[in-house]
Amino acid sequence: MAATGQLKPNQFLLEVAGMPGGERITACIQCGTCSGSCPTSYRMDYTPRKLLTMVRAGLKERVLQSEAIWLCASCYSCSVRCPRGVVITDLMYALKNLAIQQGFVPKKAVAYNFYSSFNRVVEDVGRLNERRLITRFALKTDPAKLIKFAPLGLKLLVRGRLAVFPPSLKNKKEFKRMIARGKGGGGK
Amino acid sequence: MRYSYYPGCSLHGSAVDYQMSIQACCNALKIMLDEIDDWNCCGATAAASEDHRLATLLAARTLAKCSEAPYPIAVSCNACYSRLNQVNAKMARYPEIREEVTAVLAESGLMLVDDYRVKHLLEIFCEDMGLDRLKEQVSQPLINLKVIPYYGCQMVRPRAYDHPEQPTSLDNILTTIGAQVLPFHKKTKCCGAALISTNEPVALKLVQKILDEASQRGADVIAVSCPLCQMNLDAFQDKVNSLFGTAYKLPVVYFTQLVGLSLGISVKKLGLDRGIVPAMPVLRTYL
Ligand code: SF4
Ligand code: SF4
């Protein structure tokens, strides 16, 4: 960027801009199209537009502790409409990655635990096992969820929509070794 | 027409009805689907949220499993489609990520080729097979069935072969099988996706808005192309009704179930008896 009189980029901004998909954050012109297109911004503590400017202002803690990043449903409405080619959805992913890696997420946080339970089940057998996901997720957050899920589980079961045989890869060992080699740090 | 086929986890679990109807339709339409050997989960939004390396690797392993087959990859789930496509694009865009992944895969005897052609079934039906051919096979047109075409987000965004906000492929398939396709503003609005598990009230509000427009337009059924959209719109309808004091009773079916019906395939083979909101009352006339 050739503009003069620009502030020196802060550490947090560099960190975010260095993540895949984060590069174009400095191109944002704060038009607000993303916030206006976002189906969940009405419930966010900071709207997508605001989050971007907060990253650029270096407000690391407030951004990485925000609820907003966990309310992103990855619908990409913002990203296809942004006039500056900022892929806000990918930035949201980058912020979630950083929040987890750097310990900004409370241990019982619901969205984080859902994703991490999902990932641990997949890492273990290579495919998603819906029953194991629900059990693990409930135990990590609120065991009463198991009871809440029961009616739906039953409806699916009687319609033959819960797998009878737990899904798994043929060569689980090789798969696990590969994941352990290639995944990033941070996941518990 | 032949493809390496990626069903994704849901189609072996809660969306077994989607899988059944895909199999039945593709058999009838002579579309050959070779299920990818030992495929793994695409990681969906979960892996990308926690660890972008894990997310890339999961999708890349499945892509690498297709390196030797000379066919495009067929995907039935919108979320899997989006993941595989995006990781394919990501590896082209970031050589250093590609290098990292290539090294890890090589240790497992897998290799990546330059580019993969990942196609959703909607594209395969419209472009590869062509709607004229579909039309020739229709024996039981679904005349007067009022259908809402609901695409969801990840079928069309961030990039796909159809328009990101005004797609038409599903509309055209449904018209071809004789159904009456209703106009629908919320074609590509979000169904809430994983928020149904992580923030139920927010997700239910999104589902409610979709059901509301669909019912105001007088829909008989909503047609979808994604197991997550199906689950949120169908299995959570009773929760929406109790939270918002509404009385929606809209069957949510896979487009392949409707196509199958128009081809004269039986309800059992199409899994049409497996929805939570029963579809048979409105579909009975077409048997
Ligand atoms: S739409 Fe793009 S340019 Fe506008 S505020 Fe959002 S990120 Fe910035
Ligand atoms: S992708 Fe996330 S931030 Fe963007 S519009 Fe959708 S929910 Fe909002």
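Me: Where in chain B does B:Asp38 lie?

Reply: In the loop between β2 (32–35) and α2. Helices (H or I, at least four residues) and strands (E, at least two) are DSSP runs, numbered from the N terminus. Two ground rules: this is a predicted model, where local features need pLDDT of at least 70, side-chain atom pairs count only at pLDDT 80 or more, and totals for chains, interfaces and linings use all residues. Residues are numbered from 1 along each chain as its sequence is written, chains are lettered from A and ligands numbered from 1 in the order in which they are written, and side-chain values use heavy atoms, with hydrogens and water left out.

Me: Is B:Asp38 buried or exposed?

Reply: Buried, as its relative accessible area is 9%. The cut-offs are under 20% for buried, over 50% for exposed, and partly exposed in between (1.4 Å probe, protein chains only).

Me: Which residues is B:Asp38 in contact with?

Reply: Leaving aside neighbours within four places in sequence, B:Asp38 has partners in both chains. In chain A they are A:Arg127, A:Leu169, A:Lys170 and A:Asn171. In chain B they are B:Arg61 and B:Lys65. Contact means heavy atoms within 4.5 Å.

Me: How many residues of chain B are in contact with chain A?

Reply: 64, against 59 residues of chain A. Together the two chains bury about 5,300 Å², with 57% of that on carbon and sulfur atoms. On the chain B side, B:Ser49, B:Glu50 and B:Ile276 lose the most area to chain A, together 12% of what that side buries. Buried area is the accessible area (1.4 Å probe) that two parts lose on being put together, summed over both.

Me: How many salt bridges between chain B and chain A?

Reply: Eight. One salt bridge joins the side chains of A:Arg81 and B:Glu165, at 2.5 Å from N to O. The rule is a side-chain nitrogen of Lys or Arg within 4 Å of a carboxyl oxygen of Asp or Glu.

Me: And how many residue pairs are in polar contact across that interface?

Reply: 31, with both residues at pLDDT 80 or more. A polar contact is a pair of N or O atoms within 3.5 Å; within protein, one must be able to donate a hydrogen and the other to accept it, and residues adjacent in sequence count only if both atoms are side-chain atoms. Several helices of chain B each supply at least two residues to the side touching chain A, including α1 (16–28), α2 (44–50) and α3 (52–64). The largest share, seven residues, comes from α2(B).

Me: Switching to chain A. How many helices and strands are there?

Reply: Eleven helices and zero strands. The C-alpha atoms fill a box of roughly 65 × 35 × 30 Å along the principal axes. Chain A has 188 residues, and 48% of them count as buried. Take the contacts between residues at least 6 apart in sequence: 61% of these join residues at least 24 apart.

Me: Where does A:Asn113 sit, and what does its side chain reach?

Reply: A:Asn113 lies in helix α8 (residues 110–125). A:Asn113 is buried, at 3% relative accessible area. Its side chain reaches the backbone oxygen of A:Lys107 at 2.8 Å. A polar atom of that side chain also lies 2.8 Å from the backbone oxygen of A:Ala109. Beyond four places in sequence, the contacts of A:Asn113 include A:Phe137, A:Lys140 and A:Thr141.

Me: What about phi of A:Tyr76?

Reply: Near 65 degrees, a positive value in a residue other than glycine. A:Tyr76 is in the loop between α5 (68–71) and α6 (77–81) of chain A. A:Tyr76 is buried, with 0% relative accessible area. B:Ala44 has a positive phi too, about 45 degrees. B:Ala44 is in helix α2 of chain B and counts as buried at 16%.
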